[in-house]
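Let's take a walk through this structure together.

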Amino acid sequence: MIEISHLTKIFECKDHRVTALEDVNLNIEKGEIFGIIGMSGAGKSTLLRCLTLLERPTSGGISMDGHNIAALSGAQLRNARRKMGVVFQGYNLLMQKTVFENIAFPLKLEKKLKKPEIEARVTELLKIVGLEDRRNAYPAQLSGGQKQRVAIARALATNPEMLLCDEPTSALDPLTTKAMLKLLGDINKQLGVTIIIITHELAVVKAICSHVAVISDGKLAESGVVEEVFRAPKSDVTRQLIGMEG
């Protein structure tokens, strides 16, 4: 289980303070697909960066399997991060490297596997994301959906327990979005990895997530089972999101 307790993140600017997250409390069960939704600027991406400890929380805790990872540093922090795979908005692929080389990159950084083992792992991942025939292509030769698949495969390379996806469908057309969500669902079932999806698209949450948290102005507006939250919304921002969909 991932437990977020009283999480607050404040950015200190030159002449003022910005509270990006305030007293957020969430529980995410192991192996589920969890959605975090809100308007632009609500604090969703800051929450993702805190979960991966790319940003340190100002206060509060983030626990994985009972261990407060927000308090870790050095080798312990690096070990905790290995349990997390991140798919960033915009893909963040290495443009001068092939699909194979992009996926292999985190494995080479770890320096734990020999060349034949890396070859086998990348080949396995290419099959999972359906890109076996594009292994020698460069990112510039790929469609948006294919780039996203490479980013997902790279995030899965080190066998993480948790996959965090920041707006994974925002740049995709409806048909490609549908295929991408099916892929994430298949990965969840096949690998048992916990998936957290950051999105502003209600349809994405409805299509794939079991639970959802609605974030507004850095605060948790409401959370719960997807069907229940959207059937009887308790917050104005949730009602606004529903209205925007219809």
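This is a predicted model: local features need pLDDT of at least 70, side-chain atom pairs count only at pLDDT 80 or more; totals for chains, interfaces and linings use all residues.

The buried residues of helix α3 pack against α4 (115-128) and α5 (144-156). Which residues of α3 are buried? They are Val99, Phe100, Asn102, Ile103, Ala104, Pro106 and Leu107, in a helix that covers residues 99-110. Buried means under 20% relative accessible area, with exposed over 50% and partly exposed in between (1.4 Å probe, protein chains only). Helices (H or I, at least four residues) and strands (E, at least two) are DSSP runs, numbered from the N terminus. An α-helix has 3.6 residues a turn, so residues three or four places apart point the same way.

Residues are numbered from 1 along each chain as its sequence is written, and side-chain values use heavy atoms, leaving out hydrogens and water.

Now find strand β6 (residues 84-87): Met84 and Val86 point one way, Gly85 and Val87 the other, and all are buried. β6 pairs with β7 (residues 162-166) in the parallel sense over 4 bridges; two strands pair if DSSP finds at least two bridges between them. Here Val87 sits opposite Cys165 of β7.

Next, look for an open sheet of 4 strands, ordered β2-β1-β4-β5 with antiparallel pairing. β2 (17-28) and β5 (67-68) are at the edges with a single partner strand each, so one side of each has no neighbour in the sheet.

How values were computed. Contact means heavy atoms within 4.5 Å.
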